Amino acid sequence: MTNTSGREIFVVDDDPAVRETLSIVLSAAGYQSICFADGEALLAVARSRCPACILLDVHIPGRSGLDILEELHAEDYPAPIFMISGKGDIAMAVNAIKNGALDFIEKPFRGPEIVTRVEEAIEAFTRRRAAGLVPKVPSLNFPGREPLTMREREVLELFSSGNTNKEAGRQLGISPRTIEYHRANIMKKLGAKNATDLVRIVMAAVPRA
C-alpha cells in the first residue's frame, strides 16, 4: 500500500455541503482532502493508497459506513478512521468502534473540533506505530469468552498502568467517552465486577518481567 505525504485526508459523505465544509476546514489547517460520495469510491482508492486519516459517514449510498469499516479491516488499517453521522446514537457508535473505527464524531460538528480531534488521532496513531508499541496485555481469551481486540488491549494496558480516561484518550487519540465504552466492554468480556477486579484479572494474566 502506498503511503501519502501524511497531510492527505479521505472524506466520505454523500452530502456535497458536508464534503465542502470539511474540505475548507481541513485545507485551512494544512491538510489536503480527497472527497468521496460513497463507500465503493473510497474502497477503490483506500486499498492501495493510505491517507493520514479517514472521515467516514455512516449513512452513505450502497453499503453503509459500517460495512466499509469491515471491508477495510479498520482496526488493522494503517490510518485512523473516524465514523461521522448526523443520526448518531450510542448503538451506532458502539458498532462503529467494534468494527474498528478509532472514534465517533456526531453532526453537527464545529470545524475547530474536527481539526483538533483529527490532529490528535494522527499524532497518537503515528507515534504508537513508529514506536512499534504492542500491548503487553494478552488477548485474555478465556473459554467461552470473546477475546479482547487490539485496541481494547491498548486501553486496558493504559488503565492498568494508572491512566485516567482522559490520559488514556490523549495517548490513543480518542475521546474519554470512547475510552469509557472500551472499558465497559472489556469488563463485560472478562467478567470483571469493578475496576479493582479488572486489574486483578490483568495482573494474574500478564507474566512478570
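Reply: Buried residues, those under 20% relative accessible area, make up 48% of the 209 residues in the protein chain; over 50% counts as exposed and in between as partly exposed, with a 1.4 Å probe and protein chains only. This is a predicted model, in which local features need pLDDT of at least 70 and side-chain atom pairs count only at pLDDT 80 or more, while totals for chains, interfaces and linings use all residues. Residues are numbered from 1 along each chain as its sequence is written, and side-chain values use heavy atoms, with hydrogens and water left out.

Now to the packing itself. A nonpolar core here is a set of buried Ala, Val, Leu, Ile, Met, Phe, Trp, Tyr and Cys residues joined through side-chain atoms within 4.5 Å. The largest such core has 35 residues, and those touching the most other members are Ile9, Leu22, Leu55, Phe82, Val118, Leu156 and Leu198. Because domain 1 (8-131) and domain 2 (150-205) both contribute residues, this core lies between them; the domain bounds come from an automatic or database domain assignment. Apart from it lies another core, of 25 residues, including Val12, Cys50, Ile54 and Ala79.

Leaving out residues up to four places away in sequence, Phe82 touches Cys53, Ile54, Leu55, Leu56, Leu102, Asp103, Phe104, Ile105, Arg117, Val118, Ala121 and Gly173, where contact means heavy atoms within 4.5 Å. Across the chain, 64% of the contacts between residues at least 6 apart in sequence join residues at least 24 apart.

Next, a helix pair. Helices (H or I, at least four residues) and strands (E, at least two) are DSSP runs numbered from the N terminus. Helix H7 (residues 165-172) packs on helix H8 (residues 176-190) at an angle of about 105°, with the axes 8 Å apart. Axes are lines fitted to C-alpha atoms, for helices over the stretch in contact, and angles run from 0 to 180 degrees between N-to-C directions. H7 and H8 are therefore roughly perpendicular to each other, a label covering 65 to 115 degrees; under 35 is roughly parallel, over 145 roughly antiparallel and the rest oblique. H7 brings Asn165, Lys166, Ala168, Gly169 and Leu172 to the contact, and H8 brings Pro176, Ile179, Glu180 and Arg183.

Finally, out to a loop: His73 lies between helix H3 (65-72) and strand S6 (81-85), and His73 is exposed, with a relative accessible area of 57%.
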